[in-house]
Amino acid sequence: MLKLKVCGMRLAANIAAIAGLQPDYLGFIFYEKSPRVISDVSAELIKYIPAEIKTVGVFVNEDIETVKEKISSLKLKAVQLHGSETPEYCAGLKSDFPNLEVIKAFGIDEDFDFSALEAYSATTDYFLFDTKTKAHGGSGETFNWSVLDRYTYTKPYFLSGGIDLEHTTAIKNINDDRLYALDINSRFETEPGLKDAEKIKEFIKEMTTK
């Protein structure tokens, strides 16, 4: 059974509604240039989310001490790094927070060099494959999943980038034990950061129906 991450949460009532659907992960963006950046006030709600849901802080080339402060103060269970963070950066987080899940995101296109991932294998828990854009995710665009045929490592990964209800059959047809989780975001919104709970509920239903 694939795990589900709903990313880009930022509004209090919406956070509660989506948490009620019990996704495996809820993602919160701490990147000022994102239209889904969470406010300091809403971020305080993260520590009250039910323990069985893994809360993920999403960062883009953020100062590592700032990331560590957010992990500590908001009790984040995972971080998703969407910039050009180095393997050493990832190792620094794992060193201070041994139980933290570190997810390193990569923008994928037809020319992506998967050999670049090898250096991250020892310092991350998961990779996340998203559509390559200048905006570091949230584009609503899907990349050509067949490119993943060139992925030769054993590290499990999150699949992201424009996933929508229309993709459920294609996702079910992916025969790859390394596919660990689906990351949904902009295609399940009524506006940036406001998720459509009914549409997500339908997606969960479709994905759990054989």
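1. A disulfide is a pair of cysteine sulfur atoms within 2.5 Å. Searching the whole structure turns up 0 disulfides. C90 is buried, at 0% relative accessibility. C7 is buried too, at 3%. Here buried means under 20% relative accessible area, exposed over 50%, and partly exposed in between, with a 1.4 Å probe and protein chains only.

2. A word on the model. It is predicted: local features need pLDDT of at least 70, side-chain atom pairs count only at pLDDT 80 or more, and totals for chains, interfaces and linings use all residues. Residues are numbered from 1 along each chain as its sequence is written, and side-chain values use heavy atoms, with hydrogens and water left out.

3. Next, the helix that holds C90. Helix α4 covers residues 87-96, and its buried residues are P87, Y89, C90, G92 and L93. What do the buried residues of α4 pack against? They pack against α3 (64-74), β4 (78-81) and β5 (101-108). Contact means heavy atoms within 4.5 Å. Helices (H or I, at least four residues) and strands (E, at least two) are DSSP runs, numbered from the N terminus.

4. Now the largest pocket. About 420 Å³ of space lies in it. Its lining has 21 residues, and M1, L2, K3, M207 and T208 lie nearest the centre. The elements giving two or more residues to this lining are β1 (3-6), α5 (168-172), β8 (179-184) and α6 (197-207). A pocket is an open set of points on a 1 Å grid over the protein atoms alone, where a 1.4 Å probe fits, with protein on both sides within 12 Å along at least five of seven lines; lining residues have an atom within 4 Å of a point. The volume is the space filled by probe spheres set on the points.

5. The lining divides into 13 nonpolar, 3 polar and 5 charged residues. Ala, Val, Leu, Ile, Met, Phe, Trp, Tyr, Cys and Pro count as nonpolar; Asp, Glu, Lys and Arg as charged; the others, Gly among them, as polar.

6. Last, two loop residues. Q22 has a phi near 55 degrees, a positive value in a residue other than glycine. Most residues other than glycine have a negative phi. Q22 sits in the loop between α1 (12-19) and β2 (25-29). Q22 is exposed, at 56% relative accessible area. K75 also has a positive phi, near 55 degrees. K75 is in the loop between α3 and β4, and at 53% relative accessibility K75 is exposed.
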